[in-house]
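Here is a brisk report on one protein structure.

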Amino acid sequence: MERKRTDCPALPPGWKKEEVIRKSGLSAGKSDVYYYSPSGKKFRSKPQLSRYLGNSVDLGSFDFRTGKMLPGKLSKNRQRQRHDVSLSKGGKLDLNTALPIRQTASIFKQPVTKVTGHPGNKVKSDLQRASEQPRQLFWEKRLKGLRSSDVTEEFLRTMELPPGLTSVAPDSSDATLLSAIASALHAGSAPVTGQTSAAAEKNPAVWLNAAQPLCRAFTVTDQHIREQELKVDQARKSLEEALLADGLARAQELSL
């Protein structure tokens, strides 16, 4: 092996850098770097050197192989330090558990008393309220004036609401109320009851329950259910007759 020992100007006076070049084997031509203190102690790695020197020498930009302070590493370390300072000034969480020290003029360190809680105070968190998204008041009025049409661009007839469903919103029509009820039925899983509070009629902008449609409270009775079942049966019979007539007409055309 060929040994070459030189002074290391990046370290305090008296430190030596030794480079040992391998002459044989698969690693021939490669070199190993060692450092020697003024007292002759040998160091094989940068962590060993850092532990020995401590805070007396900043080795953040020190390159162990060349024995020089690299400007690129120095600028990166300074940028990292400035970044850490900016984070601390920006109100980020400080995970350091050590108590701060008073900055008053004293020869003794006086730790600050850290108060983490007060016995008389209770912290409550409403997880359900935090998870709910805010809703726009009277959002159904944005659909006012919009109507559905068929393929011939002819407007479809609007459904007629039962007499018991009356709106409590200002300047609201039956079409707007129908949109609100349809949205409550399809978008939510809670029962649709309408506005149960009487104060909603006096000032809906303050007392309106956004989770319920813009109508007075109503109750669905068994008679209402039977009437709707009868309408569904009649609609199914009409559809069946129309399909049967269409099938007969197609069969007659094919036979001609």
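This is a predicted model: local features need pLDDT of at least 70, side-chain atom pairs count only at pLDDT 80 or more; totals for chains, interfaces and linings use all residues.

The report below starts with the sheet and then turns to side chains.

Four strands form an open sheet in the order E1-E2-E3-E4, and the pairing is antiparallel. Strand E1 (2-7) and strand E4 (42-43) stand at the edges. Each has a single partner strand, so one side of each is left without a neighbour in the sheet. Strand E3 covers residues 31-36 and pairs with E4 over two bridges, in the antiparallel sense. Across that pairing, Tyr35 stands opposite Phe43 in E4.

**Aromatic rings**

A search of the whole structure finds five aromatic pairs. One of them joins Trp15 and Tyr52. Their geometry is edge-to-face, with 5.9 Å centre to centre and 70 degrees between the planes. This pair links distant parts of the chain, 37 residues apart. Trp15 is in the loop between E1 and strand E2 (16-21), while Tyr52 is in helix H1 (residues 46-53).

Tyr52 has 40% and is partly exposed.

The charged end of Arg5 sits over the ring of Tyr36, 4.0 Å from its centre. The charged end of Lys42 sits over the ring of Tyr34, at 4.1 Å from the centre.

**Salt bridges**

Side chains of opposite charge can pair when their charged atoms come close. How many salt bridges does a search of the whole structure find? The search finds six.

| Salt bridge | Closest N and O atoms |
|---|---|
| Lys17 and Glu19 | 3.9 Å |
| Arg22 and Asp32 | 2.6 Å |

Arg3 is exposed, at 55% relative accessible area. Glu18 is buried, at 4%. Arg3 and Glu18 are also linked with Arg5 in a network of salt bridges.

Now take Asp32 and Arg22, which form a salt bridge with the closest N and O atoms 2.6 Å apart. Asp32 is in strand E3, and Arg22 is in the loop between E2 and E3, 10 residues apart. Asp32 counts as buried at 18% relative accessibility. Arg22, at 25%, counts as partly exposed.

**Lys17**

Lys17 is found in strand E2. Is this lysine buried or exposed? Its relative accessibility is 11%, and the limit for buried is under 20%, so Lys17 counts as buried. Leaving aside neighbours within four places in sequence, the contacts of Lys17 include Lys4, Arg5, Thr6 and Cys8. Also among them are Val33, Tyr34, Tyr35, Arg65, Thr66 and Gly67. The salt-bridge partner Glu19 is partly exposed, with a relative accessible area of 26%.

**Cysteines**

A disulfide is a covalent bond between the sulfur atoms of two cysteines. A search of the whole structure finds zero disulfides. Cys8 is buried, with a relative accessible area of 4%. Cys215 is buried at 0%.

Notes
Residues are numbered from 1 along each chain as its sequence is written. Side-chain values use heavy atoms; hydrogens and water are left out. Two strands pair if DSSP finds at least two bridges between them. Rings of Phe, Tyr and Trp (its six-membered ring) pair if their centres lie within 6.5 Å; planes under 30 degrees apart count as stacked, over 60 as edge-to-face and the rest as tilted. Buried means under 20% relative accessible area, exposed over 50%, partly exposed in between (1.4 Å probe, protein chains only). A charge sits over a ring if NZ of Lys or CZ of Arg is within 6 Å of the ring centre and within 35 degrees of the ring normal. A disulfide is a pair of cysteine sulfur atoms within 2.5 Å. Contact means heavy atoms within 4.5 Å. A salt bridge is a side-chain nitrogen of Lys or Arg within 4 Å of a carboxyl oxygen of Asp or Glu.
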